[in-house]
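The sequence and structure come first.

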Amino acid sequence: MPSRLLPIRAPSLAKPTALRFAKHMASNTGKKLIQIDVSSDTVCPWCFVGKKNLEKAMEQTMDKFDFEVRWHPFFLNPDAPKEGVKKSDFYKTKFGPVQFERATARMREMFRGLGFEYDMSGLTGNTMDSHRLITLAGHQGYDKQNALLDELFVSYFCQGKYIGDRQVLMDAARKVGIEGAEELLLDPSKGVDEVKEELNKYSSGISGVPHFVINGKYQLSGGQPPNIFMRAFETAAKDAAE
C-alpha cells in the first residue's frame, strides 16, 4: 500500500461548476470543502478497509473541512460469472491454497481491527448490478451513496451474502432509502452505459483499487491509514488556498 501523495498531471477531474460549488460551500461554513472521488469494486476487501480509514480521518478533521465523497466503478474481474461461484474456491484457485490462507488471515485481522468479522463464506461473481445501484444512489445524494456502500460491503464481507443477488441489492437499497432500485435491477440493461462512462472517466487509468482522488488533483491508492488521508486533506486545502 503506497503512502506517497501524488499530484495528477492530467487536467482536473472536477468540473468547473463543481469547483465553484466547492468555493461556495467553503465560504458558507467557514471550512474548506474536500471532494474525494473513490474508484472501488464491491468485492475488494481493501476498499472496505480504505473506506473505514477514510471516514476516521474525516471524523478527526471535521472541524476544519467539509467533505463530499463520491464513488465510482471498477471491475477487478469484469468477466466474473453473474450466477456466482463459491468465494473460497475462487480465491484458492486464483492465489493457491497457501497464499489464500495467508491473505484470509490478514484480512480477518484487518477487519477485527475495524470492529468487523471477515466472512469467506458465500459466493462471489459479477459486480455490474451493484455498480448500477451505486451509480443510481449517487444521483439521490452522496450521503445515500456512502451509506449504500456500507450496506453492500457488510453484506458481502461480513455476512456471506452474494453481491450479485438481486434481493440482497434491493434489501440494501431499501434500508438506505434508494428510490427506483427495483425498477433498475429488473432491467439488466438500465444504467449499464452510465457505469461504463463512469469507469472510463474515473477508473480507466488505474490498475487497482481503492483509488482516491482528492480535490481532482491528488491521488492515493490502497487501504491507507487515517493519518495519510489527513495529510492529504491538509495538502489539498493548502494548495487550494494558494
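## Helices α2 and α4

In this predicted model, helix α2 (residues 45-60) packs with helix α4 (residues 97-113) at an angle of about 25 degrees. Their axes are 11 Å apart. Angles under 35 degrees count as roughly parallel, so α2 is roughly parallel to α4. The crossing of α2 and α4 is left-handed.

On the α2 side, the contact is made by Pro-45, Trp-46, Phe-48, Val-49 and Lys-56. On the α4 side, Arg-106, Met-107, Met-110, Phe-111 and Gly-113 take part. The residues of this contact divide into seven nonpolar, one polar and two charged.

## Helices α5 and α6

Helix α5 (residues 128-139) and helix α6 (residues 142-158) pack at an angle of about 155 degrees. Their axes are 7 Å apart. Angles over 145 degrees count as roughly antiparallel, so α5 is roughly antiparallel to α6.

From α5, the residues that meet α6 are Ser-130, Leu-133, Ile-134, Thr-135, Ala-137 and Gly-138. In α6 they meet Tyr-142, Lys-144, Gln-145, Leu-148, Leu-149 and Leu-152. The residues of the contact of α5 with α6 divide into seven nonpolar, four polar and one charged.

## Arg-174

Arg-174 is found in helix α7 (residues 166-176). Is Arg-174 buried or exposed? Its relative accessibility is 55%. Exposed means over 50%, so Arg-174 counts as exposed.

Leu-148 belongs to the contact of α5 with α6. Leu-148 and Arg-174 are 26 residues apart along the chain. Their C-alpha atoms are separated by 9.5 Å.

Technical notes. Residues numbered from 1 in each chain as written. Predicted model: local features only at pLDDT ≥ 70, side-chain atom pairs only at ≥ 80, totals over all residues. Heavy atoms only, no water. Axes fitted to C-alpha atoms, helices over the stretch in contact; angles between N-to-C directions. Helix = DSSP H or I, 4+ residues; strand = E, 2+ residues; numbered from the N terminus. Parallel < 35°, antiparallel > 145°, perpendicular 65-115°, else oblique. Left-handed = near helix turned anticlockwise from the far one by under 90°. Contact = heavy atoms within 4.5 Å. Nonpolar A, V, L, I, M, F, W, Y, C, P; charged D, E, K, R; others polar. Buried < 20%, exposed > 50% of the residue type's maximum accessible area, 1.4 Å probe, protein only.
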